[in-house]
Every structure is written in structure tokens, then in C-alpha cells.
Amino acid sequence: MKDDARWLAAAAALAARARPDSRPNPGVGAILVKAGKVVARGWTQPGGRPHAEAVALAAAGEAARGATLYVTLEPCAHKSASGPACADLVCASGVARVVIGCMDPDPRTSGEGLSRILAAGIEAIHLRSAACERSLSGYLVSRRLGRPEVTLKLALSLDGCIALASGESQWITGPEARAHTHAMRAISDGILVGGGTLRADAPRLDVRLPGLERRSPQRFVLTRGDAPQGWQAVASPAAIAGLDGIQYLFVEGGAGAATAFLRAGLVDRLLIYRAPILLGGRPALSDFGLPGLSQAHGHWHLAERRQLGIDTLEVYEAANVSEQPLER
């Protein structure tokens, strides 16, 4: 069981290579292990096909026989124009055992992939893995709630400001924190700012890390008006439910957009980059409608804290999202 959890975590780490190029399909990781050694690896390819299991099994060939397949998401049970169902490929591969980290909420597969593998006489189990669920969080949120997973980024001074009183805001954080922000952009399907931020700062919102420039996400602006060329307008936070193929949405500014998404209860994760400076300027948020302090407590829990140069990154997850079941 301990080794199973370790290999599932390794498959989840591998799945990161698929994001965000696998859209509209989830980024899945798969590892074939025999006698404690890796036989082959695979992750979902750009455009969503081939799937991770198909890549790993093709790479292994006959070496797959007798191996254990570790896969972050239940193998699909539905055929497509581009190939057979992964559950069928697994059944024909000769693997001895399958360990699944997360069941698929897609009704075309939900439970059927695992059942088909078991019916073929292959030992197979679902071992719920937090690492696998985290790696699939955008897909699971989109299936469960019908919208992208929303990460809100705030770059703050110690006194909670995002700009001087004059509006000057570049740069609050240092180069390490800014590089981390670009890395977060690179694994997002879409990025959104408010109309005021777009008009005032004309941000590029691209990825400026060597080798990752092509991963710049699709750009959205929160506005009821028209969007400039190269941008797509989103009339309200609730309208993100209509963004086809966007599983991971990164909301980057400013105070109006951040407040609007929090007021709508549509933030799943907070990234707070805290710089060791005091500004006495413009606050990060305005009133988003909390009726009392009792409603504020317990809503967020700290998932990660790390140092980025002189700045501190704190990652918070919404308790009302993380505590919901991630599968049927």
C-alpha cells in the first residue's frame, strides 16, 4: 500500500507535464512498474490524445506484461474517433495489476473503466490519492461545478496594499515572486484581469520564462463592454461557466476583479505574494459582502508557505471546495 501511494504520487507529478496542453481533456499521468522498476511512463498529449495510458503502454510494448499500471485517473471506457477506450487497451496489454488514484466523474466512464478491467481478470483497485486529485483539480471542479477552477493571485505589501495611493504598483514583489507568477500562468488555460487594470496598465499577461513562452494562457477581461483585440470579454464572474475548454483560470487583478470573484464565492485557491514593505496605499480588496466575522472564519486553510527571495508566498484553499467529495 505504501509503495502504491508513492507510485501514484509519482504519476501525479508526471501529469504536470500535460498541463495545460492537454485541454480540453484532463492532464493524466501513468507509470508502468515491474519488480520495483519503471518500465514506461506516459502523460496526456497535446490536444488531449493519446491518453496517458496509451502512451505508456505503447512505449512498454511486451514489457507491459506482468507489470502494474499506476494511473492518476480511471481509464476511459468510451471510444473516440482517434482511438479505442483506454480501459480496452489496458485489458489487452497483459498488465497484471492496475492502481487508480481518482475515479472519473465523466458519466461515460464513471466506474465502467474499473469494472471492465476487473471483468478481464486483472487485479485492479481504486486507492484514493490526494496527490492525484490535486493534479486533476481543474477537471474535477469543472465536472462537479460546471466552471473552471479559479486561482486568485494577490501581490501585497505587509499592510495589504496592491499599489501606492497614486496607483503606482510596479513592482511590489521581487524577481523570484514574479518568476513564480509566470510559472503559474504557464500552467493555466486562461488568465483574467478587470477592465480597470486593463485600461490603466495594459498588461501583457504572457509567460516570459525561457522555453515556456508558447504556454501563454488565453486572455480574458472582466467587463460588460467590448474587449480589445486578443482578449475575450467576461461579463460577470458567473459567466466563467461559459468558457469552453478552460479548466484552470488564473485571476490576476486588480482589486475590482478580486472583490467580484470573492463576492460571488468563485475563488478556489488564493496565491498571496507578500512583500516586506509598507505602502499605506490602495487596498487589495473592497467590501465583498461578509455579514459578520463568523462568516469569515474557517473559510480558508493554508496549503503551502514558501520563501521566494525576500517575498513570501502563501497558498490558501477554500474549505468549502476542498471538503466536497471529488468523485461519484
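## Cysteines and disulfides

The count of disulfides in this predicted model is 0. Cys-91 takes part in no disulfide, and the nearest cysteine sulfur, which belongs to Cys-86, is 11 Å away. A disulfide requires two cysteine sulfur atoms within 2.5 Å. Cys-91 has a relative accessible area of 24%, which makes Cys-91 partly exposed.

Cys-132 gives a second example. The closest cysteine sulfur to that of Cys-132 is in Cys-102, at 7.4 Å, and this is too far for a bond. Cys-132 is buried, because its relative accessible area is 0% and buried means under 20%.

The pairing of β5 can be followed residue by residue. Strand β4 (residues 97–100) runs parallel to β5, and 4 bridges join the two. In this pairing, Arg-97 stands opposite Glu-123 in β5.

Strand β1 (residues 29–34) contains Ile-31. Is Ile-31 buried or exposed? Ile-31 is buried, since its relative accessible area is 3% and the limit for buried is under 20%. Ile-31 and Leu-69 are 38 residues apart in sequence, while their C-alpha atoms are 5.8 Å apart in space.

## The sheet of eight strands

Another open sheet has 8 strands, in the order β10-β9-β8-β11-β6-β12-β15-β14, and its pairing is also mixed. Its edge strands are β10 and β14 (300–308), each of which pairs on one side only. The twist here averages 25° from one strand to the next.

Strand β10 (residues 232–234) and β9 pair in the parallel sense over 3 bridges, and Val-221 stands opposite Ala-233 in β10. Strand β9 (residues 218–222) is in turn joined to strand β8 (residues 190–194) by 5 bridges, and these two strands run parallel. Here the bridge partner of Gly-194 is Leu-222 in β9. Strand β8 also pairs with strand β11 (residues 248–253), in the parallel sense and over 4 bridges. Across this pairing, Ile-191 has Phe-250 in β11 as its bridge partner.

## Two glycines in loops

Gly-160 lies in the loop between β6 (149–156) and β7 (161–163). With a relative accessibility of 23%, Gly-160 counts as partly exposed. Gly-160 and Leu-209 are 49 residues apart in sequence, and 28 Å separates their C-alpha atoms in space.

Gly-245 is found in the loop between β10 and β11. Gly-245 is partly exposed as well, with a relative accessible area of 30%. How far apart are Gly-245 and Pro-24 in sequence and in space? These two residues are 221 residues apart in sequence, and the distance from C-alpha to C-alpha is 4.8 Å.

## The second largest pocket

The second largest pocket holds about 810 Å³ of space. Its lining is made up of 36 residues. Among these, Arg-19, Arg-134, Met-184, Ile-187 and Arg-269 lie nearest the centre of the pocket.

Which element gives the most to the lining of the second largest pocket? Helix α1 (residues 2–15) does, with 4 residues. Sorted by class, the lining has 18 nonpolar, 9 polar and 9 charged residues.

Note on methods:
Residues numbered from 1 in each chain as written. Predicted model: local features only at pLDDT ≥ 70, side-chain atom pairs only at ≥ 80, totals over all residues. Heavy atoms only, no water. Buried < 20%, exposed > 50% of the residue type's maximum accessible area, 1.4 Å probe, protein only. Pairing = 2+ DSSP bridges. 1 Å grid on protein atoms, 1.4 Å probe; cavity = no way out; pocket = protein on both sides within 12 Å on 5 of 7 lines; lining within 4 Å. Points joined across faces, edges and corners; volume = space filled by probe spheres on them. Nonpolar A, V, L, I, M, F, W, Y, C, P; charged D, E, K, R; others polar. Axes fitted to C-alpha atoms, helices over the stretch in contact; angles between N-to-C directions.
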